[in-house]
Amino acid sequence: MVTTDFTTVNDNNSNAFHKMEDDYIRLHHEHDVKDNQCSSSLVKHIKAPVPLVWSLVRRFDQPQRYKPFVSRCIMNGDLQIGSVREVNVKSGLPATTSTERLELLDDEEHIFRITIVGGDHRLKNYSSVITVHPEVIDGRPGTMVIESFVVDVPDGNTKDETCYFVEALIKCNLTSLANVSERLAVQDRTEPIDRI
């Protein structure tokens, strides 16, 4: 299942957008989904350049810079593959802590992958991938962010219910990422591409 959120798409370009999204999803977001799991991919188009958006996404040690449900993050180790962070979750969610391991941080290809390895929540065997891709939005440098996940379906829940819950969290995070990135981009006054 793929959920897309276009910030600026007209009918002439929608097929091109869908093809790019599908290509990136096939390349980076295919998960090995078992019978008791669900998976989905979400796409967000952000009116800010890739380096700015990536600078927020890649900070495994500071997810609270754009994730609204994170109140605090404590790192165990440095920012290397295999590093673990302890995330405190704000009230209102059915959790207070999450223990997450950094699986991949590729600054050249802009790929970020984590797994959840513990915590007081129901997201068992959760793994997510975020990729960041350049695009042009309204004649300016923009970013296509794709986040996908796979997770076990908890006892008493359906696949649809589980996907809906996780997608709602990711949509909040991606919307916040867009808001923070676009606010920073306006401060930097990014010039239209045809003037660069």
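This is a predicted model: local features need pLDDT of at least 70, side-chain atom pairs count only at pLDDT 80 or more; totals for chains, interfaces and linings use all residues.

What pLDDT does the protein average, and what share of the residues score at least 70?

Mentor: The protein averages a pLDDT of 86. At least 70 is the score of 86% of the residues. Confidence is lowest in strand 1 (residues 2-5), with a mean of 49. Helix 2 (residues 50-57) has the highest, at 97. Over residues 6-13 the pLDDT is below 50. That stretch still has 13 contacts in the model beyond near neighbours in sequence. Residues 192-196 are also below 50, with 7 such contacts.

Now the core. The largest nonpolar core holds 33 residues. V57, F112, F149 and L177 have the most contacts inside it. At least two residues each come from strand 2, helix 2, strand 5 (97-106), strand 6 (111-119), strand 7 (127-137), strand 8 (140-152) and helix 3 (159-188). Helix 3 gives the most, with 8 residues. In soluble globular proteins, nonpolar side chains tend to be buried together.

Take V57. Leaving aside neighbours within four places in sequence, V57 is in contact with Y66, F112, I130, V132 and L177.

Strand 2 (residues 37-46) also includes Q37. Q37 counts as buried because its relative accessibility is 6%, under the 20% cut-off. Not counting residues up to four places away in sequence, Q37 touches D32, N125, V150, V151, D152, V153 and K159.

Key: Residues are numbered from 1 along each chain as its sequence is written. Side-chain values use heavy atoms; hydrogens and water are left out. Helices (H or I, at least four residues) and strands (E, at least two) are DSSP runs, numbered from the N terminus. Buried means under 20% relative accessible area, exposed over 50%, partly exposed in between (1.4 Å probe, protein chains only). Contact means heavy atoms within 4.5 Å. pLDDT is the predictor's confidence in each residue, from 0 to 100. A nonpolar core is a set of buried Ala, Val, Leu, Ile, Met, Phe, Trp, Tyr and Cys residues joined through side-chain atoms within 4.5 Å.
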